[in-house]
Amino acid sequence: MASRGEIVEEAWRRMPQASARETPGRFTRARFERILQLLTGVGAGVLGVQALIVAVTADGVPMDPLLAIALFASLGLMVVACLAGFGARLFATVFALGFPVILLVWGLSDRADPDPHLQPAPFYLLTVSAAAAVVGLPLRGQIAVVAAVHWLYANIRLIRGGWSLEIWESTVYDVSIALLLGILVLVLAWMYRGIATGVDEARAQVVETYTAARVAEASESERVEIAALMHDSVLAALIAAERARSPRERELAVAMAREALNRLANAESDDPQGSDDDVSAEQIARELEARAGELGIELTVDRRIEPDARVFPGRPARAIALAATQALANAVQHADAEGLAVRLVADARSIEVWVEDEGPGLDFDAIEADRLGIRGSIIARMSAVGGSADIHTGAHGTMVVVSWAEQIEEEP
């Protein structure tokens, strides 16, 4: 049985992941972060070019060359990192924390703004600093950066403009618009991050539910398989030992007991029920005759094998042989093999085996749920390989029919 960790990994492999670098369970959040980085890179690039033009033209408010180099170098690195998807958080954090410092140094210079209606280069980067904070900083850091840069810019503009009424009007209007944009960026990022996290949590719950169901299914399947294995092998060996009269029969009983012990010892292997090699209908018939001989019964299987009969996949063939063997064991144990007959029919697509006896029959509804001779070793075994098992019983005997047919997909 696969371990819980293997089942969880299998479940996550069925879920789409952003990339091999992403932790399972963060697909939606990772996609949102990448989209946010791309939007920040594109927006910062466009506004950065606009700010650069203002910073170097004579009509604008010129900046100190060293400050301009520090500002646009950090901005350029952030744009490249966001577009490339490598180091975006690092360079966004550097720009978000460095921009208030550059604003402060710029404000301490002794230059006066020549025209209150001309916006200096840093104005165009206020919203960019908010987006950089969203990419690189936690929520409290984002709020602190947005509040700090807008407060600094407003005071610097008022001081450099001499606190005139005209500078007040233009500054309040411009900073209000920029602040609203910054808040909008913060709110949208916070909202969509919450949605993405909720989606990832829902996906994780689905995986957990799937894992729990698979673990329960695997545990139950293993329990039924081991119980059916013990029932088939051990009970058959006990029946053979009980009916053994001659030395040859006792040797057969010993061999069956040894086989039962070997099968129990190999029950933990990945393939306790045999290989997937194809098996012919004739081989199944011979195996049933051999199994009957091990139970002390001389039996000839009535074969009705069509010329075009196929060879059957190993697992369904093995399931049919084991289920029919269990039906034989039941007939020997409960009907004393009275009127026992086995018939096998095979054609190009299917195989069926009938096991009949003339015993007293059985009350299927009265069989306890933990008895696996019919439910586990016959019905469940055939269902597990896509086959079927039908049981007809009455006062004149019991007939067990196990069958398997190749599934042919219909063309749309």
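Two strands pair if DSSP finds at least two bridges between them. Keep that rule at hand for the exercises on this predicted model.

**Exercise 1. How many bridges join strand β1 to strand β2, and in which sense do the strands run?**

Step 1. Find the strands: β1 covers residues 302–305 and β2 covers residues 341–346.
Step 2. Count the bridges: 4 join β1 to β2. The rule asks for at least two.
Step 3. Read the direction: β1 and β2 run parallel.

**Exercise 2. In what order do the 5 strands of the open sheet stand?**

Step 1. Write down the order: β1-β2-β3-β5-β4. The pairing in this sheet is mixed.
Step 2. Examine the pair β4 and β5. Strand β5 spans residues 397–405 and pairs with β4 over 7 bridges in the antiparallel sense. Here Ile391 stands opposite Val400 in β5.
Step 3. Recall a general point: side chains in a regular strand alternate between the two faces of the sheet.

**Exercise 3. Which strands does helix α10 lie across, and which does helix α11 lie across?**

Step 1. Take α10. It lies across β2, β3 (350–357) and β5. Its direction is at about 5° to β3.
Step 2. Take α11, residues 375–384. This helix lies across β4 and β5. It runs at about 150° to β4.

**Exercise 4. At what angle do helices α2 and α3 pack, and which residues make the contact?**

Step 1. Two packed helices are described by the angle between their axes and the distance between the axes.
Step 2. For α2 (residues 27–56) and α3 (residues 65–84), the angle is about 150° and the axes are 8 Å apart.
Step 3. Angles over 145 degrees count as roughly antiparallel, so α2 is roughly antiparallel to α3.
Step 4. The crossing of α2 and α3 is left-handed.
Step 5. List contact residues. From α2 they include Arg34, Leu38, Gly41, Gly45, Gly48 and Leu52. From α3 they include Phe72, Leu75, Val79 and Leu83.
Step 6. Sort the α2–α3 contact by class: 13 nonpolar, 5 polar and 1 charged.

**Exercise 5. Helix α6 packs against α4 and against α5. What is the handedness of each crossing?**

Step 1. Start with α4 (residues 88–108) and α6 (residues 139–160). Their angle is about 15°, and their axes are 10 Å apart.
Step 2. Angles under 35 degrees count as roughly parallel, so α4 and α6 are roughly parallel to each other.
Step 3. The crossing of α4 and α6 is left-handed. The contact includes Leu97, Phe99, Pro100 and Trp106 of α4, with Val149, Leu152 and Arg160 among those of α6.
Step 4. By class, the α4–α6 contact holds 12 nonpolar, 1 polar and 1 charged.
Step 5. Now pair α5 (residues 126–136) with α6. The angle is about 165°, with the axes 9 Å apart. Therefore α5 is roughly antiparallel to α6.
Step 6. The crossing of α5 and α6 is right-handed. Leu126, Ser129, Ala130, Ala133 and Val134 of α5 meet α6 residues including Gln142, Val146 and His150.
Step 7. This α5–α6 contact has 8 nonpolar, 3 polar and no charged residues.

Terms used. Residues are numbered from 1 along each chain as its sequence is written. This is a predicted model: local features need pLDDT of at least 70, side-chain atom pairs count only at pLDDT 80 or more; totals for chains, interfaces and linings use all residues. Side-chain values use heavy atoms; hydrogens and water are left out. Axes are lines fitted to C-alpha atoms, for helices over the stretch in contact, and angles run from 0 to 180 degrees between N-to-C directions. Helices (H or I, at least four residues) and strands (E, at least two) are DSSP runs, numbered from the N terminus. Angles under 35 degrees count as roughly parallel, over 145 as roughly antiparallel, 65 to 115 as roughly perpendicular and the rest as oblique. A crossing is left-handed if the near helix is turned anticlockwise from the far one by less than a right angle, and right-handed if clockwise. Contact means heavy atoms within 4.5 Å. Ala, Val, Leu, Ile, Met, Phe, Trp, Tyr, Cys and Pro count as nonpolar, Asp, Glu, Lys and Arg as charged, and the others, Gly among them, as polar.
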